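User: Could you walk me through this complex, starting with how the helices cross?
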Amino acid sequence: MVRYIAGKFLFMLVSLFILVSLTFFLMKVIPGDPFMSERAVQPQIKARLMAQYGLDQPIPVQYVRYLGNVVQGDLGISMKYQNQDVTGRIAQTFKPSLQIGIFAIIISIIVGIVLGLIAALYHRKLIDHVAMTLAIIGIAVPSFVLATLIQYLFALKLGWFNVMGFSKPSDFVLPVAALAVQPIAFIARLTRSSMLEVLNSEYIKTAKAKGLNGFTIMTRHVVRNGILPVVTYVGPMTANVITGSVVIEQIFGIGGIGKVFVESITNRDYTMIMGVTIFYGVILMLARFITDILYVLIDPRIKLSGRKGA
Amino acid sequence: MKKKSWLVLMTLVLAFSTLLAACGSGSESGTGTSGQAGEGTASQDLRINMSAEPPTFDPAQAKDSQTNTALKLMYEGLTRMGADGNPAPGVAEKWDVSEDGLKYTFHLRDNATWNNGEPVTAEDFAYAWEHVLSPDTAPASEYAYQLYYLKNGEAFNTGKIKDFSQVGVKVVDEKTLEVTLENPAPYWLGLTSFYTYYPVNKKNVEANDKWAAKADTMVTNGPFTLTTWTTGQQLAWTKNDKYWDKDNIKLNTITASLVNSGATEYSSYQSGQLDYAGAPTGEIPTDQIPAAKQQFPDQFQAKGIASTYYYEFNNKEKPFNNAKIRKAFAMSINRQAIVDNVTLGGQIPAFGFVPPGIKGQTDEYRTEHKDSYFKEDAAQAKTLLAEGMKEEGYTTLPPITLIYNSSEAHQKIALAIADMWKSNLGVDVKTENQEWSVFLNNRQSGNFQVARAGWTADYNDPMTFMDMWVTGGGNNNAGYANPAYDKLIADAKATQDAAKRMDDMSKAEKMLIEDDMTVMPIYYYTSISLVKPNLKGIVVDFSGAIDFSKAYFE
C-alpha cells in the first residue's frame with residue numbers, strides 16, 4: 001500500500017512540475033504585459049515597472065526565480081491588484097466556488113445514484129424510461145443555457161431568489177442546481193448501466209440461489225459493485241466542479257476562482273495566472289490520487305500486491 | 001469487509017463536515033451587509049454594480065474608471081468636480097491665482113479631517129504628490145504624468161532632479177499649500193479634483209506600506225469609508241461622520257456587487273436588486289437597450305460624454321499611407337445608420353475628433369468650432385479612391401484587415417462598416433477580433449492597417465484630444481507626422497491668449513481630419529444607464545466619471 005501511494009505521489013509531483021514549466025513559458029509567449037491599457041504607459045515608467053516586478057530579466061532567469069519562490073511556498077504578489085498576495089486572493093475567491101461545488105457534488109451523487117438505482121430496478125418500465133429521458137436531456141443541455149433559463153424563471157419572473165450575489169443561503173440554490181444537473185444525469189446513467197450489469201452477473205444469481213434476502217444482496221453486492229464506475233467519475237468531477245465554473249459564476253455574479261482565473265489571463269497578471277494554475281493542478285491531481293486510493297479500497301478485484309495496481 | 005465499510009463511512013463524514021464548515025462561514029460573511037432589497041423609499045442605501053474590482057485604493061496607483069468611482073467616495077482633493085462641470089471647493093475652501101496663472105495658493109478648510117479624526121494638512125497633499133512623482137515609488141505610478149504640470153514635476157519623476165523641494169509644491173503652513181506650475185494651464189484647477197491629486201494620510205502611509213491592501217488599514221478623507229471588501233464579490237461603503245460636509249451627504253451605505261456580466265446586471269436591475277445599472281460602472285448589453293427603453297422609459301438615461309469612437313488608419317502602411325484613400329474610406333460610411341441601428345444608444349455621428357462637452361473659450365468647443373470637416377458622399381468617395389489608387393499605382397487595393405478588440409458591440413459596428421465599404425466602395429475588408437492585450441499590443445506597435453479606438457477626455461480642454469497626434473506621441477498609433485500640426489499644438493500650449501489657443505487647436509483639428517483624415521471619426525459616446533426614478537443627485541461629469549457621494553433617495 002505504501003509503495004503504491006508513494007509511486008502515485010511521485011507521479012503527481014512530476015506532473016505538477018511539467019505543468020508549471022509549460023504554463024510559464026506559454027504565458028510568456030502570449031503578446032502583451034500586465035501594464036497595457038488604452039492609454040500607452042510612458043516608456044520610462046513602463047521600464048521602471050518592468051524592473052520592479054523583475055520582468056526586465058531574461059525569461060530563463062525569471063523562470064528559475066519563480067520556481068525557487070514556489071518551492072518555498074511563495075506565489076508572489078498580484079501584478080494587477082496592488083499589494084495583494086496571490087495566495088490570499090486564491091483563498092478568498094476559492095471559498096464560494098468550493099461551497100457551491102461541494103453542495104453540487106453531494107446532491108449529484110445522492111440524486112444521481114438514487115435515480116440510477118431506481119431505473120435499474122425498474123428496468124424497461126415506465127419509470128426507467130422517464131428517468132433516462134430526463135438524464136439525456138440533462139446531459140444534452142449546456143449548463144449555461146440551463147443557468148440562464150432557471151435564473152430567468154425563478155429569479156426574474158417568479159422572484160423566489162436573487163438574480164445575483166452570494167450572501168444569503170437561498171443564493172446557493174440556483175447555481176448549485178445549474179451545476180448539479182449534468183453530473184446527476186451522468187451519474188444516473190452510469191449507475192443504471194453498471195447496476196444492470198451486476199444484476200445479471202453470476203455471483204448475484206449465486207447469492208439469490210443461496211437464499212440471501214433481497215436487501216442483503218442489494219446492499220452487500222449490487223450497490224457496492226455497481227457503484228465502482230461512479231467512483232472513477234466522481235474524482236475528476238469533484239475537481240472540475242470545485243475549481244469553479246466560469247460561466248455559472250459569471251451568470252449568477254459569484255466572485256469565485258473561475259472568474260479570477262479568466263480575469264488573470266486577460267490582465268496578463270503573470271503571478272496570478274501561475275498561482276491559479278498551480279492551485280488547479282494540485283486539486284486535479286489530488287482528486288485523481290484520492291480516486292485511485294478509493295478505487296483500491298472498494299474494488300476487491302484490485303489487489304495491492306501490485307500485480308493489477310490500476 | 002468491515003474495515004472497508006468503515007473507510008467509506010469516514011469519507012462520507014469528512015465530506016459532510018467540510019460542507020458544514022463551508023455553510024457556517026458562508027452565512028457569517030452574509031451578515032455583513034444591511035439594507036437589502038424590498039425596503040421602502042426611506043432607506044438611504046444605494047446598491048450598484050461594478051463590472052471589475054478596483055485594482056487599488058491608493059490614489060497614486062489609480063488608473064481606471066472603477067477605481068475612479070470608488071476613490072471619489074473615499075477621498076476628496078483640493079477641489080471637487082461640481083454638477084455644472086466647474087471645480088467647486090473641496091478640501092480647499094478658497095484659492096488665489098497669480099497674475100501670470102502660474103502660482104496657486106490653496107487655503108484648506110479648518111474642519112477638513114481624516115476619518116480617524118486627524119486634520120487634513122497641506123503636508124498630506126505635498127507628501128501624496130511626492131509619492132506619485134518619486135522614482136523610488138514601487139510600483140511606479142502610471143499616472144505620474146498628471147502631475148507634470150507642476151514645476152519640475154517631470155524632471156523629478158524622471159530622476160533629473162533629486163530634490164523634491166525644487167518641485168513646485170510648497171507647504172506654507174499646516175493649512176496653506178502653494179503650487180507653482182511649469183506652464184499656465186487654464187484647465188489645471190479642474191485636475192485638482194482628479195484622483196492622482198488626492199491627499200494621503202502621511203502618518204498612516206509611512207507606518208504601513210501595504211496600507212491600501214485592507215479596508216481597515218486605510219485612512220481616507222472623503223464622504224464615505226470603505227467598510228466591506230470581499231475579494232471578487234462585494235464592496236461596501238458607510239457614510240463618514242467625520243467628513244466636513246456630512247450634512248449634505250444623505251446616503252448611509254453604498255454597496256457594490258462585482259459582477260462582470262451586462263446581462264446579469266440588467267436582470268438584477270429588473271428584479272430590483274440594483275438601484276443603478278449601466279455605464280460607467282457596469283453595462284447594459286446593446287441588444288437589451290431597445291427593451292430597456294421600452295420597459296423603463298422614465299429610468300433610461302443616455303447622456304453625452306466627452307469621448308470619441310473612431311477607427312485609426314495606419315498612416316505608414318499601405319494602402320492608408322495615401323490621404324485620398326483614407327478620405328474615401330471615411331466618407332463612404334453612414335454614421336447615422338450605425339448609431340440608429342447598431343449602437344442604439346443615441347450616440348452622435350462624429351465628423352471631428354473633439355467631442356461635445358469639452359469647454360471652448362466661452363461656450364463648448366464644439367459649438368464654437370463646428371465639426372463640418374467632411375461629408376458622407378459615396379460618389380465622391382469613389383472618385384477619391386480612384387484618384388488615390390492612381391497616385392499609388394494600384395490596379396487593385398492590397399488586402400485590408402480591420403482589427404477590433406473582442407466585444408459584441410465592436411463586432412457589430414465593424415461588420416456594419418465593412419459592409420458599407422463593400423457596397424459603397426466595392427472594397428472587401430476582412431474584419432478580425434483580437435483579445436484585448438493582443439489587440440493593444442498590435443495597435444501600439446503599429447502592426448495593423450485599420451484599428452478600432454476610443455479616446456476619453458483626461459481633463460476638460462480640447463488639448464486632451466489634440467496633443468496625442470503630435471509626431472512621435474505615445475498614443476499616436478496612427479503614426480501621424482505633420483510638422484505644421486506639431487507647431488500649432490506647441491503654439492497653443494505656449495500662449496496665454498485664450499482666443500488664439502482655441503483657434504490654433506481648431507486649425508490643428510481641421511488639419512487632422514479635413515486635410516489628412518488621419519483617423520476616421522465614427523461617433524461621440526453616450527453613457528447609458530438605468531436609474532431608479534426616486535434616486536437623485538448622481539453627478540456624471542463631462543468625461544462620464546460618476547460621483548455617487550451626493551446621491552439620495554426621495
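Analyst: A crossing is called left-handed if the near helix is turned anticlockwise from the far one by less than a right angle, and right-handed if clockwise. Helices (H or I, at least four residues) and strands (E, at least two) are DSSP runs, numbered from the N terminus. This is a predicted model, in which local features need pLDDT of at least 70, side-chain atom pairs count only at pLDDT 80 or more, and totals for chains, interfaces and linings use all residues. Residues are numbered from 1 along each chain as its sequence is written, while chains are lettered from A and ligands numbered from 1 in the order in which they are written.

User: Which way does α4(A) pass α7(A)?
Analyst: The crossing of α4(A) and α7(A) is right-handed. In chain A, α4 (residues 86-121) and α7 (residues 173-199) pack at about 35°, their axes 6 Å apart, where axes are lines fitted to C-alpha atoms over the stretch in contact and angles run from 0 to 180 degrees between N-to-C directions.

User: And how many residues of chain B are in contact with chain A?
Analyst: On chain B 50 residues are in contact with 52 residues of chain A, contact meaning C-beta atoms, placed from the backbone, within 7 Å. α1(B) gives the largest share of chain B's side, ten residues.

User: What ipTM and pTM does the complex get?
Analyst: The predictor gives an ipTM of 0.86 and a pTM of 0.87. Where pLDDT is low, the predicted coordinates should not be read in detail.

Note on methods:
Contact = placed C-beta atoms within 7 Å.
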